[in-house]
Amino acid sequence: MLHVLPRPAGRFLVFSERGQIPGAQVDPIFDGRAGSIGDKVWEVKRESALPCCYWKKLPFDTVLLQTKWNTPKDETVRLIDQVRAVRPEARVIYLDWFAPLHLPNPYIFDFVDLYVKKQALIDRSSYATGMCDTNLVEYEAQWDPKLLPPRGAGVDQSLIDKKLYVGWNFATSSRLIRELSRKHHENHDRLIGLHCRMHVPDTASTWYGHMRRRCLDAVQALQLPNALIETTRVPRVTFLRELRASKMCFSPFGYGEVCWRDFEAVLCGAMLLKPDMSHIETNPNIYLPYETYVPVRWDLEDLGSKCKRYMLDEKERLRISRNAVDVWNSYVSEAWRQQWGAVIARST
């Protein structure tokens, strides 16, 4: 429950959710990569923060807060109020670890000093006008308007400009970094042409099910030789073994655009094919078109031509996959610390 690590300056209290996905956002704080984060770091599981009096005695000056997307507003506000009562001068930084690009709890902007999201729209205007549960549902609704839910509340543009900051994505997961260091990308024995193992819900009546079924149909229609196209789940060790034997990996969107599979493909040396990410800001940016990944149209009309081109062009395929590894390595070795410093500076 509690970690204390020596750091150069500053005292940080982290209310974390932990788990695989939220953990990626706080892992580097505790694994020694955040060299400038502070001289003390304490971690308390967020769910135990309200009844716990211990943290109130700690001499923190900055709070990092994670919640679940459906944590009741009253509970979140009460915890922030307790922080302000104990340390009125403390900075409160909210860490949004959620998959979608929208802001599920826009009220939080009124209570924190900085709102750090692991990915955001480059065009911030949608945050002011309000969005659906995800921008992806708006695209899928062109096939079935019934998929489109009501838009949520927007956030004042001045608060977006002042407080919204794009932090770091799955690249800082301690597990992924360990796997990246094993240099699986250097494997040259690649008998699988295209890897596409993805979960497809039984029903297409939801936007997610509709999107995944559309992607599966498009890949199957290509009838590519030596392709692995499956919908069943396998143990992760098997999944990574498949990727290490693959030349390319098609990674459709999930509940958000940035996916675990993107980084798993990169660390395994499979060139990443993915719906165009040019609307996204995220760090590290392993989505540089034709430099670190190959974008395809959202309607997948060019998926076949892209697959065939890079299946034949081994030199270009390897260049792109190796560039992605280099971008990731550079970020976790140095750039993350610089970005962390920018987060702290902006929250003051």
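Strand 4 (residues 91-96) is largely enclosed by the rest of the structure, because six of its six residues are buried. Here, buried means under 20% relative accessible area, exposed over 50%, and partly exposed in between, for a 1.4 Å probe and protein chains only. Strands (E, at least two residues) and helices (H or I, at least four) are DSSP runs, numbered from the N terminus. The model is a predicted one, in which local features need pLDDT of at least 70 and side-chain atom pairs count only at pLDDT 80 or more, while totals for chains, interfaces and linings use all residues. Residues are numbered from 1 along each chain as its sequence is written, and side-chain values use heavy atoms, with hydrogens and water left out.

In a regular strand the side chains alternate between the two faces of the sheet. From strand 4, Arg-91, Ile-93 and Leu-95 point one way, Val-92, Tyr-94 and Asp-96 point the other way, and all are buried. Its partner is strand 3 (residues 62-65), joined to strand 4 by four bridges in the parallel sense; two strands pair if DSSP finds at least two bridges between them. Across this pairing, Val-63 stands opposite Val-92.

Strand 10 (residues 246-250) and strand 11 (residues 271-275) run parallel and are joined by three bridges. Cys-249 has Leu-272 of strand 11 as its bridge partner.

Helix 9 is mostly covered, with nine of its nine residues buried. Among them are Trp-260, Phe-263 and Cys-268. After helix 9 comes Gly-269, whose phi is positive, near 85 degrees.

On a 1 Å grid over the protein atoms alone, a cavity is a set of points where a 1.4 Å probe fits but cannot get out, and a pocket is an open set with protein on both sides within 12 Å along at least five of seven lines; lining residues have an atom within 4 Å of a point. The largest pocket has a volume of about 1000 Å³. It is lined by 36 residues, of which Ile-21, Tyr-208, Arg-212, Tyr-255 and Trp-260 are the closest to its centre. Helix 1 (20-30), helix 7 (207-222), helix 8 and helix 9 (260-268) each supply at least two residues of this lining.

A search of the whole structure finds zero disulfides, a disulfide being a pair of cysteine sulfur atoms within 2.5 Å. For Cys-132, the nearest cysteine sulfur is that of Cys-215, 19 Å away. Cys-132 counts as buried because its relative accessibility is 2%.

Technical notes
Points joined across faces, edges and corners; volume = space filled by probe spheres on them.
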